Amino acid sequence: MTTFVLVPGAGGQAWYWHRVVPELRARGHEAIAVDLPAADDGAGFAEYADAVVAAIGDRRGDLVLVGQSLGGFTVPLVAERVPVEQIVLLNAMVPRPGESGGEWWEATGQAAARAAYAARDGRSADAFDPLVDFFHDVPPDVTAVAVAGGVDQSGTPFEEPWPLAAWPDVPTRFLQGREDRLFPLEFQRRVVAERLPGVEVEELPGGHLLALSRPVELATALMSPA
């Protein structure tokens, strides 16, 4: 039995994974969705990692860390503290040593990639609209709950440098929605090739919020070998 430790991105809500958890459990595995102290200005990546480690508790063995979006900064820190079998990045930000969450955007050229993808779709990228950029493929009832229950994200993780000297020596996979409007697929292919040499980007249908829009497909991908 594998224990999947599910780490959310900005906003830090375990609820993000609520459609994936039952899918993994129905397949005979354990799934732990983690709440992060995202609204706390006193909390950065170290405190986020603390929350994940606390959620893992004394579980050991076949642990798989799954980090979505901004969670890509957090899961490597956890892997340095807890023995894990694998890291899975989901539509994730891949940091470089010393790079803050805020610096990542300019360093990777995300804005230009997002604008180019929007132009190909016939959309404007002048303003960020969560309903357009995030929830375009999420069922309306799920979107309504997400919008009503949204929480603030502190700017602290976007200001502090990522503390590791290198990516952990842990097998790593990268899953990416091919309709992600925030981090387009070709953009992610380039970033992953530059920052995680040898890691292949595995395509899935759907946008940035795959755990909400495509829980069955995501659970199946998590269960599949790299």
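**A chat about the sheet and the core**

Reader: Let's start at β5. How many bridges join it to β6?
Author: Four bridges do that in this predicted model. Strand β5 covers residues 172-177, and it runs parallel to β6.

Reader: Which residue in β6 is the bridge partner of G177?
Author: G177 is bridged to L204.

Reader: Zoom out. In what order do the strands of the open sheet come?
Author: The order is β2-β1-β3-β4-β5-β6. That makes six strands, with parallel pairing.

Reader: And which are the edge strands?
Author: β2 (30-33) and β6 (201-204). Each of them pairs on one side only.

Reader: How are neighbouring strands turned against each other?
Author: By 20° on average, direction ignored.

Reader: Now helices. Which strands does α8 lie across?
Author: Helix α8, residues 185-195, lies across β5 and β6. It runs at about 160° to β6.

Reader: What about α3? Where does that one lie?
Author: Helix α3 (residues 71-79) lies across β1 (3-7), β3 (63-68) and β4 (86-90). Its angle to β3 is about 155°.

Reader: New topic. How many residues has the largest nonpolar core?
Author: It has 71. W17, V52, L65, L89, L218 and L222 have the most contacts inside it.

Reader: Which helix gives the most to this core?
Author: Helix α2, residues 45-56. It supplies six residues.

Reader: Back to L65. What does it touch?
Author: Leaving out residues up to four places away in sequence, L65 touches V5, V52, I56, V75, V78, A79, V84, Q86, I87 and V88. One of these, V52, is also listed with L65 among the residues with the most contacts inside the core.

Note on methods: Residues numbered from 1 in each chain as written. Predicted model: local features only at pLDDT ≥ 70, side-chain atom pairs only at ≥ 80, totals over all residues. Heavy atoms only, no water. Pairing = 2+ DSSP bridges. Helix = DSSP H or I, 4+ residues; strand = E, 2+ residues; numbered from the N terminus. Axes fitted to C-alpha atoms, helices over the stretch in contact; angles between N-to-C directions. Contact = heavy atoms within 4.5 Å. Core = buried A, V, L, I, M, F, W, Y, C linked by side-chain atoms within 4.5 Å. Buried < 20%, exposed > 50% of the residue type's maximum accessible area, 1.4 Å probe, protein only.
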